[in-house]
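The sequence and structure are shown first, and the description follows.

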Amino acid sequence: MSQTIKLKKGFDIKIAGAAGKRMLDFDQPETFAIKPTDFHGLARAKVIPKVGDNVKAGTPVAYDKALESVMLCAPVSGEIVDIVRGEKRKVLEVRILADKEIEYESFPSYSVSDLSGISSEDIVGQMCKSGVWASIIQRPYGVMADPATQPKAIFISAFDSNPLAPDYDFMLDGDQSYFQAGIQILKKLTSGVVHLNIDMDAEVSKLFTSVEGVQINKFKGPHPAGNVGVQIHHLDPINKGEVAWTISPYGVIQVGKLFLEGKYDASKTIAVTGSSMEETGYVKTYVGAQVGKFIEGRTNEEHVRVISGNVLTGESVGKEGYLGFFDSQLTIIPEGDEEEFLGWILPTTSKLSFHRSFGLLSFLNGSKEFKVDTNTHGEQRGFVMSGAFEQVMPMDVLPTYLFKAILANDYDEIEALGIYELIEEDVALCEFIDVSKNDLQAILREGIELIRNS
C-alpha cells in the first residue's frame, strides 16, 4: 500500500550553478575508464584483458575474486590502453581508447510479451555477464549485491535532493518503455515489493507515474529526503540478517535495454553543474567518460575543483579524471585554498551556513543561491556535542554516539546504534555541518567494514 512520508529534519544546500534544461554541444572524450574503486567491498579486482586487447561494449573487463560471477564490463568498444594500479597493485582504472562507432556484445533479447516467461536464473545470469548487475547495491553495507541472495524488497529513489542534482524528468526523457521492462525484470528477483519513491512537491515525470508493478510512495521534506537510505528507514527498515537492494532509475533503464535490445548500453545523459562553469546543462556521453572535454575552455576561472558527483558525496577527479560509475553529475566549483581575513568569524551575507551563530546574516536571504568553494573554514578537532547532527538526519539514529563507537571499535554499540541502515550518503549532511571538520563518511565506512568482516 502506497505511503506518504513528510520529513521535517534536514537541510537544503542552495548553491549556484544548477544545470539549465538544455543539451550542451560537447565532443565525446577519447578515453573511458572502469574504476573498481567505485564499488565498495570490491577489494580484490581481477582484470581480464591486457593492454592492447580490443573490447566491445559489454565485454567483461574485471571482476571481484570474492564474487566471480559478476562482471564489470566495458562501457564502450575500443582498445585497452592502460591499467592503472595503486599500492599493492590495487586496480584503480582500466582505460579504453574508444572507437568512433560503438560495437556491442550480443546478449539474448526478448519482446515485451516474452519478458514474463524468463526464469529468475536466466535473468541473474544475463545481468551478471553483461555488466548490468553492478548497478544493484545491497543494504546493509552499500556493496554490490550478491546474486545468490534474495532481497526482502527493492527500492528506487525517483528524485535526487542533493545540491545541484540533475532533473530526472529531463535526463531520462523517452526511456519509459525501457523503465517498465526493467521493473518487470526486477520484480522476478524478489518476493517482496518494488518501491518507487517520488517527490511529493515536484511535478513527477510520466516515466514514474505511469509505471506498473511498483508501490509508489511520496516523500516531502528537505535533503536528504531523496536518499534511498532515508526512504528505506521510513518504509521498511533493515534489521540484522535482512537484505534489501537499491538501484537508480538509470540502472532500471539499463536492465530494460539489456533484455529488450540484447546489449549493454552504457550511454547516459549527465548534468554539468557548478558556479565555475560558464554554461551549465546536460550532455550525452557514456559511463566512465574522461571529463576534460566537458571542462576545457568552458570555466570562468582557472583554479577549480572538478567533482564527479555532487559536492556532498562526489569524488574530486581533476580535469583529467573519469566520471564515476554511479554518477550522473559533474560539479565544478572554485578551489578553496586561499586564506581569508578573520575566516568564519567575520559577519557576512555571502557564506552558506547551517549554524546561525556562524552564518546568521545568511539566513536573511532565505532563497539566495550561494557561490561556495572547498574551504573547510577550520581544521579537524575533537567532536563537539552540539546536537546538530540529529537536526539534519531524519532517521532514528544517534550519529554522534555511533561515530564515537566506531572510533572505539565497540562492535556491540555500533550494531545497537543503527549502522545497518546507513551508508556514506546518509551522513554526508552531518559532515557538511560538522564544526569539528571530521571526515564522517570515512569514519562510517570504517565501521561498516568492521561489522561486515567480523
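In this predicted model, Arg139 has a relative accessibility of 2%, which is under the 20% limit, and therefore counts as buried. Arg139 forms a salt bridge with Glu425, and the closest N and O atoms of the pair are 3.7 Å apart. Because Arg139 belongs to strand β9 (residues 137-139) and Glu425 to helix α11, this pair ties together parts that are 286 residues apart in sequence. Glu425, at 25% relative accessibility, counts as partly exposed.

In total, the model has 17 salt bridges. Side chains of opposite charge can pair when their charged atoms come close. A network of such bridges links Glu424, Arg445, Glu449 and Arg452. Within this group, Glu449 forms a salt bridge with Arg445, and another joins the side chains of Glu449 and Arg452. Glu449 and Arg445 are four residues apart in helix α12, so about one helical turn separates them. Glu449 and Arg452 also lie in α12, three residues apart, again about one turn of the helix. Arg445 is buried, with a relative accessible area of 11%, whereas Arg452 counts as partly exposed at 29% relative accessibility.

| Salt bridge | Closest N to O distance |
|---|---|
| Glu425 and Arg139 | 3.7 Å |
| Glu449 and Arg445 | 3.0 Å |

In α9 (residues 399-407), the residues Pro399, Thr400, Leu402, Phe403, Ala405 and Ile406 are buried. Just after α9, Asn409 takes a positive phi of about 55°.

Two neighbouring strands pair with β15. With strand β16 (residues 281-286) the pairing is antiparallel and runs over six bridges; here Tyr286 is the bridge partner of Ser267. With strand β19 (residues 329-334) the pairing is parallel, over three bridges, and Thr331 is the bridge partner of Thr273.

Technical notes. Residues numbered from 1 in each chain as written. Predicted model: local features only at pLDDT ≥ 70, side-chain atom pairs only at ≥ 80, totals over all residues. Heavy atoms only, no water. Buried < 20%, exposed > 50% of the residue type's maximum accessible area, 1.4 Å probe, protein only. Pairing = 2+ DSSP bridges. Salt bridge = Lys/Arg side-chain N within 4 Å of Asp/Glu carboxyl O.
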